[in-house]
Amino acid sequence: MRKKHAHIKFILPGFLFYTCFVVLPIIYVFGLSFVEWSGMGPMKFSGLDNFIKVFTAQNFAPIFFHALGNNVKYLLCVWLIITPIQYLLAYLFFIKIPAHRYLRFMVFMPYVISSTIVSFFATLIFNPIFGFLNKFLEGIGLEQLQGAWFGDPKWAFKLMVMLIIWQGAGSGIMIFYSNFMDISKDVMEACRIDGCTEWQRFTRILIPLSLPSCASIITMSSIWALALFDLPFILGGRNGGVSGSLDFANLVFYRYTFGNALSGRSELGFGAAICVIMFIFMMTVTVIQRKILKKFEYDT
Amino acid sequence: MKLKKLVAMLCTFSMLGMLLAGCGGEEKPKESESSQEESAGGSQEPAGEESQEPEGGEESQEPAGEESGEVAGGDVSGTITIWEHGFSFEESLQAVIEGFNKQYPDVTVEYEIRDGDTYNSVLTTAIQSGDGPDLFYTGGTSDAVMGDMVANGAIMDLTDEVDYSLFDESALSRSIMDGKYYSIPWLTMDTRAVYYNIDMFEEHGWKVPATFSEFETLLATIDEAGIIPVSAVNSYFSMLFAYEPVLSGFDAAYTKGLADYSVKVTDQPARDALQKMVDWADAGYFGDNWLGVVDGNAMLLAFTSGQAAMMIAGSWEITTIAENNPDLNFGAFEIPSEDGVAGLVGTPANGFSVNAATQNKEAAIAFANYCASLEGQTIWVQSQGGVSASDEIEAATELAKQISESGQGNIYTSWHNVITNYSTDGSAVLFWEENFEKVFAKDMTVDEFMDGLAELMQ
């Protein structure tokens, strides 16, 4: 009998901890999404009103969908630009390009700086009035190239992606790199003896054998992409920058849920509805992604 | 093996402990320095100490518990906690607490500065959960928070608890709801002003404008000299604080009408004044690429570092500007109308309310009364370096006096306050927040913005 219940005792602490701090809050947020509540006084049941408002309110729906569009745009950047760059750099370090140790350190170093600090310094560098970049351009006689940078919708999103690559690429590179290092030396030697070119080794050996790390990185980055907040908040302000170029779903959630110091309106029920929608959206993306990536796992 | 397990368990528990401690975002409350110094036997003169003797105090009704200085507070004791919403108020709060502790030495006053946009939601959550502070700042009737608290019985009715005899009707406008008082105003005028670099003006021979067209000409002249005329930031808050004084100078008669809502916030003068600002932005009067300035501190820095000749901002920025560059020689003025009339846009500031669920009502009320006293108000106004909204309190700085005098005794209602107070369902202010910046970014025309706003106004 004892043995039968041993597994329950084993999982109970973790189960309780996870239930209290993850499952219950999620259920609470789901519950909140059906009420109208400022955080004070009794909650007023409002049925699906909050959800209907998110999807149909004339003054809100376009803003939310624009922000969600930016999330998707960024998600595509993660898939098509950021992850390939991480992969390529990891490969270059793996094949030990000149000064690879130094470069590896330099690429990884910004990762330890918090994104808030990175964003703050970015605002100083790209400040159009006294920022380093415009002053530098002025100094070398290229005033015509000066710009508003994060205040220019043509530049803002691109600059943010560049900043994320600069700051956050290190983690993915390290995971890819570790995965490369884990590949059996026998396999690498064998392919070399068999006369593989570098390109063949890359496409036939490294890529297939590193798909597990690709799957983890893509999954994590996708979730992160859909939950982006701190960088655009600091770089573009709480309204998501000029023409909403840096507006993301989490920023919309933030300003509509907590109001601001001037108007002071808090709409926790409405904010919870945004959360639920984002939760379902992220879950859908992750599940689809997982199904696709699972096919590749077979090959490994 | 056992030792290994033990070490592993200890490590796990200590990590868990640290994790949980880290999760608790509660700020450690600060006890006022004065209170600590008092208990150590030290005594530091508070700012504005010389005004401690209330002039004309005989006429005013003595607040409860304050009638005989230190003796009066002898029977009030315990600890109270206060929440303030910005670091720029910290020094003033410390000074007020210091003054209060002289009368009530047995009361320990702790305070927390909760800076940032989430102040209101953190406050309401804390009060709802029963962990709210004894006294706290709200925007009064300027926003929805105090009303929400009144509706839910979370805020104490101070009508019969606090002596309000020091304040006139305008000072109490943000404290009163349904004929009852729920907060203590501060007699600092929350107004806006044009700050200008005096040395730069003198060097180029520029004069403080006497009419609106002179102001507009000045902008062009400064721009021609290769200097940014006005330091601005692409944020609806900051642009509002610029727009309101521009509106008052553009059409003083219209702005006066906002007080009783005899004019609408979206009438033609409001549209034209906003269009004027958009035109100024296009002309480069805020800098060529000013839309990229998203941080209020950057706007401040551009002015204090001499990159821009002027900055239009709140009167509460006086001390921040001075601290940012102590060597900066700067003055302030209000934008005059075409016939030379100028005024101050805004109202006296709102201060603290008392939590209905306070565990130490006696001390909380005593503190509220101290805030409502001439002494408390004098300390606050002078330590803030703010524009005084009372004849009985002299502004502490020359600059604050300059702003007061520049207002020529005229007080205009804030355009934003009207949006808040006369919206059909409270959503007008959200519309303004979301779209004001879009007008300057040309995502929306002035008319589209105003028409959208008009639909949400009474």
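Residues count from 1 along each chain as its sequence is written, and chains are lettered from A, ligands numbered from 1, in the order in which they are written. Because the model is predicted, local features need pLDDT of at least 70 and side-chain atom pairs count only at pLDDT 80 or more, while totals for chains, interfaces and linings use all residues.

**Exercise 1. Find out how confident the predictor is about chain B.**

Step 1. Start with the score: pLDDT is the predictor's confidence in each residue, from 0 to 100. Chain B has a mean pLDDT of 84, and 84% of its residues reach 70 or more.

Step 2. Take the lesson: where pLDDT is low, the predicted coordinates should not be read in detail.

**Exercise 2. Describe how helices α18 and α19 of chain B pack.**

Step 1. Locate them. Helices (H or I, at least four residues) and strands (E, at least two) are DSSP runs, numbered from the N terminus. In chain B, α18 spans residues 428–440 and α19 spans residues 446–454.

Step 2. Read the geometry. The angle is about 175° and the axes are 10 Å apart. Axes are lines fitted to C-alpha atoms, for helices over the stretch in contact, and angles run from 0 to 180 degrees between N-to-C directions.

Step 3. Classify the angle. Under 35 degrees is roughly parallel, over 145 roughly antiparallel, 65 to 115 roughly perpendicular, and the rest oblique. So α18(B) and α19(B) are roughly antiparallel.

Step 4. List the partners. α18(B) brings B:Ala428, B:Phe431, B:Trp432, B:Asn435 and B:Val439, and α19(B) brings B:Val446, B:Phe449, B:Gly452 and B:Leu453. By class, seven are nonpolar, two polar and none charged. (Ala, Val, Leu, Ile, Met, Phe, Trp, Tyr, Cys and Pro count as nonpolar, Asp, Glu, Lys and Arg as charged, and the others, Gly among them, as polar.)

**Exercise 3. Which residues of α19(B) are buried?**

Step 1. Apply the rule: a residue is buried if 20 or more other C-beta atoms lie within 10 Å of its own, exposed if 12 or fewer, and partly exposed in between, with C-beta atoms placed from the backbone. In α19(B), B:Phe449, B:Met450 and B:Leu453 are buried.

Step 2. Look down the helix axis. The buried residues of α19(B) fall within an arc of 90°, so they line one face of the helix; the arc is that of the directions from the helix axis to the C-beta atoms.

Step 3. See what they meet: these residues pack against α11 (268–282) and α18 of chain B.

**Exercise 4. Explore where chain B touches chain A.**

Step 1. Count residues: chain B gives 47 and chain A gives 34.

Step 2. Name the suppliers on chain B. Helices α5 (119–128), α6 (144–151), α9 (236–250), α12 (296–304) and α18 each supply at least two residues, and α5(B) has the largest share, seven residues.

Step 3. Sort this side of chain B by class: 21 nonpolar, 18 polar and eight charged residues.

Step 4. Zoom in on B:Gln307, in the loop between α12 and β10 (308–314) of chain B. Beyond four places in sequence, its contacts include A:Ile129 and A:Phe130. B:Gln307 counts as partly exposed because it has 15 C-beta neighbours inside 10 Å.

Conventions
Two residues are in contact if their C-beta atoms, placed from the backbone, lie within 7 Å.
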